[in-house]
Amino acid sequence: MQVLRVEEGRPGQYSDKDIGSGKREFSELLEHEKEELLQDQSEEDEKGNGRLQRTGTKKRRFTPEIGASNGKRIRKKQLASNYYEDADELMDEMEHDTEIAFMIKSKARRRGSPGHGKINRSSSVDSGVKDESKNTTSYTSSSSPPSSPNSSVSVLRWDRGRWSRHSQDNGDVCFKCHQCMQESKTIVSCFKCKNNSYCIRCIKEWYPHMKVQEVKELCPFCRRNCNCNACLHSTGMIKTPKQDISDYEKTQHLVHLIRSMLPFLKEFSDEQKEEIEIEANIQGESPSNIIVEQTLCYNDERVYCNHCATSIVDLHRSCPKCLYELCLSCCREIRQGCLLDRAEVKFQYRNMGCEYIHGGDPSPECCSLEAPDNHIEPLTGWNEPLTGWDANDDNSITCAPKEMGGCGESILALKRILPCDWIASLEAKAKTVLDICETKYCTFKHECGERRNDMLRKAASREGSCDNFLYCPDSRDTLKEGDLLHFRKHWINGEPVIVQNVLEQANGLSWEPMVMWRALSENMDPNSTSQFSEVKTIDCLAGCEVEINTRQFFEGYTEGRMYGNLWPEMLKLKDWPPSDKFENLLPRHCDEFITALPFQEYTDPRAGLLNLAVKLPPGVLKPDMGPKTYIAYGLVEELGRGDSVTKLHCDMSDAVNILTHTAEIKLGDEQKSAISMLKELHRAQDERELRNWVNSQSGQSGAQIGDEEIIEKNYNRELKVPEDVADGPTLSGSPCTEAVEETGGALWDIFRREDVPKLEAYLKKHYKEFRHTYCSLVERVIHPIHDQSFYLSMDHKRKLKEEFGVEPWTFVQSLGEAVFIPAGCPHQVRNLKSCTKVAVDFVSPENVHECLRLTKDFRQLPKNHRAREDKLEIKKMILYAVDQAVKDLEALVATQV
């Protein structure tokens with residue numbers, strides 16, 4: 001498409017090519033427009049009577065001739081000048097010629113110049129006229145002359161949450177860009193809505209993926225991906241897909257959920273029956289005669305065990321004097337004599353200076369400190385059986401000693417939170433409704449759709465394994481009947497799933513970080529400006545938190561940042577947006593993300609039928625499941641130190657992560673050379689410190705290990721890649737170069753659940769070869785995975801396979817791909833480009849057992865460990881999910897009788 005522009009008194013063309021190449025600078029164009037408008041205004045002022053008569057010496061010639069009227073050819077200038085005489089005929093011509101449209105807009109703006117009815121923002125509000133019939137508000141300019149048959153008044157109308165331009169019956173229009181709300185000659189109007197226009201500058205800056213012709217045919221507003229400030233904060237513009245499924249399919253899903261949860265429901269019920277029997281023995285009564293007093297618990301509060309910090313759902317023991325509360329698991333461990341201490345442990349690392357981080361010696365100030373307060377103390381007693389707190393002879397339990405937070409005097413009484421026998425009753429109802437469905441529907445059909453070879457992606461090369469390929473369908477395939485069962489088949493085995501091109505199912509809203517930041521800035525509280533002017537980021541080299549100007553951070557996202565020695569500075573945003581209410585701060589982006597989610601029966605955070613996290617009743621505190629945004633720099637080359645990584649960890653629930661935006665950072669030759677030199681310094685420092693540590697350990701037994709032996713064991717190893725996997729992402733972690741250059745953004749390593757014990761053993765053996773905060777050596781391992789202190793480099797992944805036979809699934813996540821991570825699978829990620837990812841957690845019936853296992857693992861951690869808190873409250877989630885599913889299933893069965 002071509003848009004008319006005026007240059008040196010002659011019409012020129014402004015095309016898509018000019019926009020892409022940037023040969024024509026907007027500043028030049030706008031400056032020329034400004035001069036012309038000033039000249040026209042001075043000429044008009046000389047007339048003194050307000051008539052629109054052109055007397056300038058500049059003449060615009062329009063040699064091309066178009067159109068026909070009554071057999072005569074009409075020049076464009078003549079057609080434009082007759083605009084107000086025959087508007088309907090002219091609108092027909094505008095449909096086919098953009099130059100005419102531009103001429104009309106240009107002339108309309110001149111007719112709206114000062115003194116001739118032009119809309120002025122400052123004066124438009126002075127004399128407002130409300131249109132009550134249309135529920136809109138219109139404002140006319142107070143500087144407009146009295147209306148006459150040959151004059152017109154332009155109107156600003158508040159409609160759909162923003163100001164738009166309208167005209168009176170005589171057709172005079174004031175055109176403004178829908179995006180920036182500024183007047184512009186180089187403007188493109190939408191031929192569909194005929195309401196919204198976008199200037200060339202905004203198209204180039206905020207819609208770089210769209211051509212001018214595409215905007216002309218269907219503007220961003222009509223495409224529902226407009227990212228102007230008003231639209232970004234409008235609700236209902238993007239309709240998230242509602243699962244339109246039949247009652248038969250809904251019944252299938254509910255039966256699957258209830259059947260999957262029944263074993264856990266029975267386990268909870270049996271645990272409570274056992275505790276009631278113990279209470280009956282203590283009181284010398286029959287279990288049926290035991291009345292458990294209900295404790296007061298509001299919906300907006302959580303009850304946690306004072307010892308292990310696990311969420312308490314129903315039965316527990318409580319001190320009547322000091323209100324110390326103990327979960328049933330801790331009660332059982334006290335009676336068995338295996339309750340662990342779980343004392344606090346210090347995790348701080350010593351800052352040894354900037355020189356040390358890049359291979360130099362520690363700073364003198366750090367070396368002079370003999371026993372710094374933040375230095376890690378020896379690990380003692382935190383995971384040993386607790387002494388001095390035992391059960392009484394009748395299995396009753398006295399309150400915890402004072403040093404543990406109790407009173408040490410009263411006997412803990414049995415209490416309940418839910419109604420009496422609620423869990424046992426729920427179990428019985430679940431069994432009954434399942435029996436009814438199985439009798440009525442016999443057996444459900446489970447037919448999988450066709451699975452093609454192109455739906456598989458090789459991610460590992462384990463010998464004798466059948467899970468080296470991951471299920472990797474296209475987003476369009478996930479909508480086909482039967483594909484959900486394909487997903488479930490892999491998901492139930494704990495295998496990751498990759499879905500391609502998920503953003504194609506959405507509306508195309510921009511995920512540019514600057515667009516999101518602009519939306520947040522517009523939506524911010526005026527009293528908390530500093531909350532958005534600076535952001536908290538993690539410096540990946542030092543592993544600590546730093547504050548940086550928001551604009552500087554986003555500039556570094558696309559252009560890169562470096563330290564004084566040219567080492568790349570890798571930053572990643574921490575908790576951004578600065579709230580857990582992503583939906584409130586970025587409503588359009590939240591809707592866009594949910595629209596793009598595949599397998600929404602599982603992943604929809606609002607109404608997923610198989611997502612246990614959405615079953616909690618209103619008013620009950622819910623865990624923060626997302627969506628959350630992760631924005632971080634990235635580099636293809638593995639640095640070894642300071643890489644933009646998410647360290648090895650294990651999530652409590654399932655998760656899906658979508659790569660929504662990437663930006664590649666290029667390194668210059670000088671910087672590459674500096675990086676190579678610094679890597680040599682890092683290597684020498686690693687060897688030196690590892691040598692000192694090994695000799696200090698072996699010195700206690702009177703033996704010394706030679707330098708050559710240490711270096712040979714840990715560093716002098718050639719990187720060997722198996723020939724059969726050299727064509728893609730391998731165990732070495734080297735991604736396919738072509739894939740990265742095109743769309744690849746992040747390198748994932750996901751470990752199988754069955755390999756976790758061997759992975760933990762490797763990390764415990766080699767933990768001194770890793771660095772953490774301030775690039776200090778890892779000095780302590782509480783839990784190899786939950787500490788989140790390790791990232792396995794290419795070399796470590798190779799040694800892991802050599803020594804323990806463990807290899808992760810390794811693959812590159814491309815732009816628009818969704819990665820499903822099953823609960824209980826340790827994983828790590830390294831950004832190959834600057835990446836914007838959006839993730840949401842969910843709880844699927846297939847992986848509830850892993851959520852429960854992880855909850856038990858977290859109970860054993862020290863009190864101040866980062867992963868110890870039971871944020872998910874999986875037991876509560878299971879109970880309420882079954883309760884809601886039973887109600888829904890009973891209602892469906894009743895309607896089908």
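The legends below describe close-up views of a predicted model. Local features need pLDDT of at least 70 and side-chain atom pairs count only at pLDDT 80 or more, while totals for chains, interfaces and linings use all residues. Residues are numbered from 1 along each chain as its sequence is written, and side-chain values use heavy atoms, with hydrogens and water left out.

**View 1. Contact of helix 11 with helix 28.** Helix 11 spans residues 247-283 and helix 28 spans residues 848-859; helices (H or I, at least four residues) and strands (E, at least two) are DSSP runs, numbered from the N terminus. Two packed helices are described by the angle between their axes and the distance between the axes. Here the axes come within 10 Å and cross at roughly 35 degrees. Axes are lines fitted to C-alpha atoms, for helices over the stretch in contact, and angles run from 0 to 180 degrees between N-to-C directions. Helix 11 contributes Met261, Phe264, Glu267 and Phe268 to the contact (heavy atoms within 4.5 Å), and helix 28 contributes Val848, His849, Leu852 and Lys856. Of these residues, five are nonpolar, one is polar and two are charged. Ala, Val, Leu, Ile, Met, Phe, Trp, Tyr, Cys and Pro count as nonpolar, Asp, Glu, Lys and Arg as charged, and the others, Gly among them, as polar.

View 2. Strand 22 and strand 27 (residues 827-831) run antiparallel and are joined by three bridges.

**View 3. Surroundings of Asn196.** Asn196 lies in the loop between strand 9 (187-189) and strand 10 (197-199). Asn196 counts as buried because its relative accessibility is 6%; buried means under 20% relative accessible area, exposed over 50%, partly exposed in between (1.4 Å probe, protein chains only). Leaving aside neighbours within four places in sequence, Asn196 is in contact with His178, Val188, Ser189, Cys190, Cys219 and Phe221.

**View 4. Aromatic pairs and a cluster.** The whole structure holds 18 aromatic pairs. Rings of Phe, Tyr and Trp (its six-membered ring) pair if their centres lie within 6.5 Å; planes under 30 degrees apart count as stacked, over 60 as edge-to-face and the rest as tilted. Tyr198 and Tyr207 make an edge-to-face pair, at 5.8 Å centre to centre and 85 degrees between the planes, and both are buried. The pair of Phe487 and Trp491 is stacked because the ring centres are 5.2 Å apart and the planes are at 20 degrees. Both residues lie in helix 16 (residues 483-491), four residues apart, about one turn of the helix. Phe487 is buried at 0% relative accessibility, and Trp491 is buried with a relative accessible area of 0%. Phe487 and Trp491 form one aromatic cluster with Phe599, Tyr602, Phe820 and Phe842.

**View 5. Surroundings of Glu569.** Glu569 is in the loop between helix 19 (550-559) and strand 20 (571-573), and counts as buried at 11% relative accessibility. Beyond neighbours within four places in sequence, Glu569 is in contact with Asp539, Arg561, Met562, Tyr563 and Tyr633. Glu569 and Ser644 are 75 residues apart along the chain, and their C-alpha atoms are separated by 9.1 Å.

Key. Pairing = 2+ DSSP bridges.
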